Amino acid sequence: MGSPDEQVLVVPRDALVPGDGWLGVRRTDLVDALAVVGREGRFLRRADAEEDPAHKQVIPYLVLRDGDRWFLMRRTRAGGDARLHDLWSIGVGGHLNLGDGDVAGGLRREWSEEVAADFEPEYAPVGLLNDDTTPVGAVHVGFVYVADAAGRPVAIRETDKLEGRFATTDEVAAVRDQLETWSRLAFDALTA
């Protein structure tokens, strides 16, 4: 987890997730949502943003595929956030920081920080991910993208915190109940 004093990008909740919101991935063209972030986004201290349901922290969230396989990761107990220990994930993502410029910049930074690969994929937008059923989800909104490794090798950078490999849809489905909430919602949306 980042420092409580880290500055993270937020938008007013109602600007992206009006009313009671929704649960899951809302498939939509992200152009309008990105315009909202550009127009109404501002930086807050992370510790304050985590306690402020009037704002949503903007998270680029990448699901990496290799054809019909998924890059499946498992968090080890060495990771910083105990809430995520031993859970599986199909998503790479994180908070937007001051130097990122925009959602695309944050997505590229997260790719380079989390994944060891000698290429950068093309990111295809999928939609917005929302989950107000948990305290963590209530203060975050995901901009979901999919990319294809196209047979190129990919590995985890922080092997002390994560392990990962490409897995079939059946293998991911077998651990669906142990996926992090956002990964479960993204998997369900992408396999529907």
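Me: What is a nonpolar core?

Reply: A nonpolar core is a set of buried Ala, Val, Leu, Ile, Met, Phe, Trp, Tyr and Cys residues joined through side-chain atoms within 4.5 Å. In soluble globular proteins, nonpolar side chains tend to be buried together. Keep in mind that this is a predicted model. Its largest nonpolar core has 32 residues, and Leu16 and Phe143 touch the most other members.

Me: Which elements give two or more residues to this core?

Reply: Two are helices, α2 (31–40) and α4 (103–114). The strands are β1 (7–12), β4, β5 (69–75), β10 and β12 (162–167). β10 gives the most, with four residues.

Me: Is there a second core, or does one core hold everything?

Reply: A second, separate core has 21 residues. Among them are Val63, Leu129, Val175 and Leu179.

Me: Let me follow β10. How is a strand's place in a sheet read?

Reply: Look for its partners and their direction. Strand β4 (residues 55–66) pairs with β10 in the parallel sense, over nine bridges. Strand β9 (residues 124–130) pairs with β10 in the antiparallel sense, over five bridges.

Me: Which residues stand opposite Ala147 and Val144 in β10?

Reply: Leu64 stands opposite Ala147. Gly127 stands opposite Val144.

Me: Why is β10 called largely enclosed?

Reply: Count the buried residues. A residue is buried when its relative accessible area is under 20%. Eight of the nine residues of β10 are buried, so the rest of the structure largely encloses this strand.

Me: Which other residues is His140 in contact with?

Reply: Leave aside neighbours within four places in sequence. The list is Glu50, Lys56, Gln57, Ile59, His95, Asn130 and Trp182.

Me: Is Ala150 buried or exposed?

Reply: The cut-off for exposed is over 50%. Ala150 has a relative accessible area of 56%, so it is exposed.

Me: Now the whole chain. How many helices and strands are there?

Reply: The protein chain has six helices and twelve strands. Its C-alpha atoms fill a box of roughly 40 × 35 × 30 Å along the principal axes.

Me: How do I judge the radius of gyration?

Reply: Compare it with a compact globule. For 192 residues, such a globule would have a radius of gyration near 16 Å. The protein chain has 16 Å, which agrees.

Me: How much of the chain is buried, and what does the surface hold?

Reply: Buried residues make up 48% of the 192 residues. The chain exposes about 9,100 Å², and carbon and sulfur atoms supply 50% of that area.

Methods: Residues numbered from 1 in each chain as written. Predicted model: local features only at pLDDT ≥ 70, side-chain atom pairs only at ≥ 80, totals over all residues. Heavy atoms only, no water. Contact = heavy atoms within 4.5 Å. Buried < 20%, exposed > 50% of the residue type's maximum accessible area, 1.4 Å probe, protein only. Pairing = 2+ DSSP bridges. Rg over C-alpha atoms; globule rule 2.2 N^0.38 Å. Areas by Shrake-Rupley, 256 points an atom, 1.4 Å probe, with all protein chains shown as cover.
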